[in-house]
Amino acid sequence: MSLDDDEHQIDTNSLMDIDDEGPEDVYLPTSHYPDDLYLLPLTRRPFFPGMAAPLVIEPGPYYEVLKMVAKSEHKLLGLFMTKQEDADIYKLKISDFHRVGVVARILRIIPIEQGGAQVILNMERRIKIKKSAKKGPYLSAQVTYHDDPSAKEAKMIKAYTISIITTIKELLKLNPLFKEELQVFLGHSDFTEPGKLADFAVALTTATRDELQQVLSSFSLQERIDRALVLLKKELDLSKLQSSINQKIEGSVSKTQREFFLREQLKAIKKELGMEKDEKSSDRAKFDERLKDKKVPEEVTKVIHDEFEKLSFLEIQSAEYSVVRNYLDWLTIIPWGVMSPEKHDLRHAQKILDEDHYGLKDVKERIIEFISVGKLSGGVKGSIICFVGPPGVGKTSVGKSIARALNRKFFRFSVGGMRDEAEIKGHRRTYVGAMPGKMVQALKHADTMNPVIMIDEIDKMGASYQGDPASALLEVLDPEQNIDFLDHYLDVRTDLSDVLFITTANVLDTIPGPLLDRMDVIKLSGYIMEEKVEIAHRYLVPKHRGEMGLKTTDVAFTKDGIREIINGYARESGVRSLEKNIKKILRKVAVEVVKGKGKKKITLSKAAISKYLGNPIFTSDRFYKKTPPGVTMGLAWTSMGGATLYVEAVKNPSEKTQMKLTGQAGDVMKESSQIAWSFLMSRDKEYFPKKKFFEKNEVHMHIPEGATPKDGPSAGVTMVTSLISLLLDKPVRPDLAMTGELTLTGKVLPIGGVKEKLIAARRSKVKTLIFPGENRRDVEELPAYLKKGLRINFVDHYDDVFKVAFPKRGAK
């Protein structure tokens with residue numbers, strides 16, 4: 001039910017005659033007012049005497065009250081505001097109302113089609129609730145009636161009245177919303193009724209419900225008119241502020257329009273004087289200038305000329321003009337036929353690679369081979385290189401070095417998380433805001449048709465309903481297809497065969513097979529300790545020391561200090577964490593220098609590192625100084641590089657012989673554990689003839705760091721070794737780590753990530769390693785400094801693993 005007025009009250013006099021037809025229009029004498037009145041609640045704002053207002057009454061108890069009062073002789077009811085604005089009007093008590101309200105006479109009732117009615121009420125006098133009156137199930141109360149005292153002789157009241165009239169007139173100039181009602185009131189009123197004037201004035205303000213109720217509750221004329229004047233002044237200030245805001249906005253709009261007309265006039269004057277060409281002519285001249293020194297293909301030239309012709313017939317103000325202009329802008333900005341002169345100097349290339357990177361000998365050799373082929377074949381064409389390796393090993397920077405070595409422009413963008421194929425092949429021109437794809441944008445930024453384009457994070461592309469960007473890349477990265485690459489926006493063939501594409505990835509598993517098949521994969525496995533020390537000493541420390549304004553006389557790192565950072569704080573395969581820690585130390589040194597504490601040169605030795613970086617994050621990769629029975633060290637590969645992990649096994653009494661595996665092992669690793677269990681069960685008489693195979697025992701196998709997911713088949717031999725060690729109650733040979741996939745018959749199959757695993761073993765200071773025999777070639781290809789000091793055993797069957805892990809027993 002809606003019991004609120006339609007925003008504004010209206011003056012009784014302005015109602016004039018309300019439809020002379022119908023029983024609702026009979027005016028009863030007002031000399032008699034009943035002691036008891038039915039009550040209607042108001043929630044938004046109160047009414048004031050002397051006003052008329054419409055109310056909408058919905059079907060319900062208040063509608064029944066309305067019908068009863070309409071049939072009464074006096075047609076009077078009480079309107080009181082609730083104390084709470086959000087009160088439930090159907091659950092009200094007398095105590096929920098403000099005590100002062102108005103008595104209203106029903107003037108007219110207009111039925112509503114949806115039910116209920118709109119009633120027009122005339123507010124006559126102030127009333128005050130004495131107590132509740134029991135008149136059936138509806139709200140009613142005993143009330144007292146209050147009239148305004150005479151104020152003809154009060155000079156103060158007259159002065160207040162004049163102030164109110166003056167304020168209202170000022171308000172009319174600023175806010176014409178109530179102009180008609182106010183003028184009617186002022187035309188029919190004299191100044192002898194200040195109370196009525198105050199009530200009317202305050203009812204038209206936007207004051208709060210509580211402020212209005214205070215005025216209604218003021219029986220003292222002096223207090224009421226004082227409060228009314230305060231509220232009117234507030235309303236006047238608000239209207240002035242609103243008017244000021246409107247003037248500023250209108251002024252800004254007018255200024256913009258004026259500037260537009262002036263610019264148009266200036267353009268016309270310049271055109272008449274021959275000082276300036278029109279926009280269409282200047283666009284055509286700009287496009288012609290761009291094409292002057294370019295070797296534009298015939299097909300593209302035809303399209304450009306067709307678009308020029310179309311542009312000449314279009315009005316500049318038309319929407320299609322901007323579409324055609326933008327299209328020509330892209331067609332003419334592409335560097336058709338422009339090539340960077342290539343360098344194929346191997347010494348120059350080797351020098352740049354050595355300047356920018358330490359180590360990576362095998363990667364540098366591949367790049368030199370690649371440049372050599374380009375020199376013999378007349379250019380590096382149709383080649384797509386994919387650098388794969390953990391974060392921070394220098395994949396992106398190697399790409400930049402290749403561009404420098406070849407004297408080509410370099411452009412890089414990432415496709416990690418990309419889901420829309422239009423990012424690669426462009427949007428069709430029918431769409432608002434359409435743009436070419438990244439390949440065409442790369443040509444524009446490089447301003448040459450043979451740049452080096454690096455596509456980062458190619459292993460992290462997504463797919464959605466908008467398309468599959470990995471499939472779109474198939475055309476880009478195929479030398480047989482990219483000679484006629486078709487961008488959806490340009491809609492003309494573009495030759496990308498002179499572009500050298502370099503992609504980067506952390507893993508190969510998530511790259512689609514057809515895409516991977518088009519790329520020449522070069523692996524960057526990571527750096528060992530010695531390489532990281534040299535990288536920090538030669539590149540990272542000098543670079544960041546200079547960036548932070550420090551000098552060699554302020555701070556220096558010893559190689560032992562750098563080793564301490566690597567061992568204790570930055571053990572990942574790349575050098576990103578190492579770089580962050582060096583920067584952190586240098587920032588703290590910079591503070592000391594600025595404060596004047598670092599008057600002497602600060603030498604960062606091994607002992608000084610913890611002062612700047614706190615306690616080491618890593619203590620050792622090795623949980624055990626000496627492995628107990630049932631524990632074996634394995635070697636694993638992750639996207640972050642190589643790592644060592646332990647396989648632990650314990651046994652507990654149980655009714656049946658069984659095994660369980662924990663440590664967030666993936667499906668493949670779970671299968672490896674089942675294969676290890678079955679293999680050992682089938683060969684128990686050979687490896688431990690005097691022992692029974694875990695009779696009435698539950699074997700619990702665990703891979704520590706349970707929060708880290710693990711998967712892969714290369715832990716097979718490690719799991720069997722842990723089970724044998726547990727059964728024999730004999731520890732595995734100390735200083736041993738192993739890797740290899742196991743079959744049910746005991747054959748050891750080859751694994752991947754040989755270099756990463758070897759680096760992890762060196763980091764953990766393991767000297768004896770077991771690798772599958774079929775990985776011998778991979779190990780032999782590794783640099784000698786990686787294998788120095790390691791004893792690597794190549795095995796083809798688990799019998800060979802048993803002999804190395806348990807040398808005193810040997811297989812039977």
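In the predicted model, helix α24 (residues 716-728) and helix α28 (residues 798-805) approach each other with their axes within 11 Å and cross at roughly 55 degrees, where axes are lines fitted to C-alpha atoms, for helices over the stretch in contact, and angles run from 0 to 180 degrees between N-to-C directions. Helices (H or I, at least four residues) are DSSP runs, numbered from the N terminus. The pair α24 and α28 is therefore oblique, given that angles under 35 degrees count as roughly parallel, over 145 as roughly antiparallel, 65 to 115 as roughly perpendicular and the rest as oblique. The crossing of α24 and α28 is right-handed, a term that applies if the near helix is turned clockwise from the far one by less than a right angle. Val717, Val720, Thr721 and Ile724 of α24 meet Tyr798, Val801, Phe802 and Ala805 of α28, contact being defined as heavy atoms within 4.5 Å. Seven of the residues in this contact of α24 with α28 are nonpolar, one is polar and none is charged; Ala, Val, Leu, Ile, Met, Phe, Trp, Tyr, Cys and Pro count as nonpolar, Asp, Glu, Lys and Arg as charged, and the others, Gly among them, as polar.

Helix α19 (residues 559-569) packs against helix α20 (residues 576-595) at an angle of about 120 degrees, with the axes 10 Å apart, and α19 and α20 are therefore likewise oblique to each other. Their contact is formed by Ile565, Ile566 and Tyr569 from α19 together with Leu578, Asn581, Ile582 and Ile585 from α20.

The largest nonpolar core has 63 residues, of which Leu79, Ile106 and Ile164 touch the most other members; such a core is a set of buried Ala, Val, Leu, Ile, Met, Phe, Trp, Tyr and Cys residues joined through side-chain atoms within 4.5 Å. Helix α7 (residues 221-273) gives the most to this core, with seven residues. Apart from neighbours within four places in sequence, the contacts of Ile106 include Leu66, Val69, Lys75 and Val119. A second, separate core comprises 51 residues, among them Phe387, Ala536, Leu540 and Leu550.

Serine 672 lies in helix α22 (residues 667-682) and is buried, with a relative accessible area of 8%, where buried means under 20% relative accessible area, exposed over 50% and partly exposed in between (1.4 Å probe, protein chains only).

Residues are numbered from 1 along each chain as its sequence is written, and side-chain values use heavy atoms, with hydrogens and water left out. Local features need pLDDT of at least 70 and side-chain atom pairs count only at pLDDT 80 or more, whereas totals for chains, interfaces and linings use all residues.

How values were computed:
Helices (H or I, at least four residues) and strands (E, at least two) are DSSP runs, numbered from the N terminus.
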